[in-house]
Amino acid sequence: MPVHTSSQGSTGSSGSSGSTSGQGHSGKSVGLGLALVSAVAFGGSGVAAKPLIEAGLSPLHVVWLRVAGAALVMLPWAVRHRGLLLRRPALLAGYGLLAVAGVQACYFAAISRIPVGVALLVEYLAPALVLGWVKFVQRRPVTRAAALGVVLAVGGLACVVEVWSGLGFDAVGLLLALGAACCQVGYFVLSDQGSDAGHEAPDPLGVIAYGLLLGAVVLTVVARPWTMHWSVLAGSADMDGTAVAAWLLLGWIVLIATAVAYVTGVVSVRRLSPQVAGVVACLEAVIATVLAWILLGEHLSAPQIAGGAVVLAGAFIAQSSTPVKPSDGPVASGPGEAERELSARGGAVQGVSDT
């Protein structure tokens, strides 16, 4: 990045260095702010979606509305990067099926049966599952810290679902949340593979746009929106005793929790190291749980809260310790937000202090 040099003779070099340093700090501050916006936006999706589901829309219909609406918002980027259809058809198809349709459908179906915070915490097992992919499929070495992260994540999950009480939560709901985590694993792998093309790497906004479009097409066949109770959108939904306009909740889901969340996530990960972006992304689960507690009245017990903290700690350790090959740039950023770790530039084994 070009910088302005000082006009004071021999101090020019020093002035240039100071300017570069200042710009670097400014860029990272902006990146942190954008990453936080992305985490808040993604974290609020379940809180806005659950009242719509309880008002009469099926989880699949809410997912279809979310993805189709966001696809329309991102349509200009799809037109701009239409060459991706010929250059990266497999990447776009996998992204649309797993990162968009699969993750969202499984997650929304899960929150219709179990608390939002629990569903998202289960989904955050994905970084640990990625570790299994790296170890047993790619046959690459895994550090002891990463293995510790897996143990912590699994142990924390046991506290979240309170296994000592005979699996108090709906088993189907937990399986759906685990399905969302598995779909996220597929997204991690696709992001890693798509970012190894150097200057030929696909533009992340283009990948997001086509992922949403393809996801919307797939979900149209599965969800059959023509059978949806459209009248629900003209009414109101109950949010812990407060009536909220259904169209307002839908607008939040489409514009904020999807379009804004994806775009700010992509920009933020380009300005931060993988570790910093991953830490901020982990706030999504915390934010979702707090919002569900405040807005939906979904209170968690002390062991569940402690278990959730352990899940997040384990997920962060696992993802920050997973050795990945260097890549030239991120492919995309998305829900559940830990995927930023594997799609970011550079190796994953960097110190947070590098920022």
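Predicted model: local features only at pLDDT ≥ 70, side-chain atom pairs only at ≥ 80, totals over all residues.
Arg224 is found in the loop between α11 (204-223) and β1 (236-239). Phi of Arg224 is near 50 degrees, again a positive value in a residue other than glycine. With a relative accessibility of 45%, Arg224 counts as partly exposed.

## Val263 in helix α12

Val263 belongs to helix α12 (residues 246-271). Its relative accessibility is 25%, so Val263 counts as partly exposed.

Apart from neighbours within four places in sequence, Val263 is in contact with Met74 and Leu205. Val263 and Met74 are separated by 189 residues in sequence, and their C-alpha atoms are 9.7 Å apart in space.

## Packing of α2 and α3

Helix α2 (residues 45-55) packs with helix α3 (residues 59-73) at an angle of about 130 degrees, and their axes are 9 Å apart. The angle therefore makes α2 oblique to α3. The crossing in which α2 passes α3 is right-handed.

On the α2 side, the contact is made by Ser45, Ala49, Leu52 and Ile53; on the α3 side, by Pro59, Val62 and Arg66. The residues of this contact divide into five nonpolar, one polar and one charged.

Conventions
Residues numbered from 1 in each chain as written. Heavy atoms only, no water. Axes fitted to C-alpha atoms, helices over the stretch in contact; angles between N-to-C directions. Helix = DSSP H or I, 4+ residues; strand = E, 2+ residues; numbered from the N terminus. Parallel < 35°, antiparallel > 145°, perpendicular 65-115°, else oblique. Left-handed = near helix turned anticlockwise from the far one by under 90°. Contact = heavy atoms within 4.5 Å. Nonpolar A, V, L, I, M, F, W, Y, C, P; charged D, E, K, R; others polar. Buried < 20%, exposed > 50% of the residue type's maximum accessible area, 1.4 Å probe, protein only.
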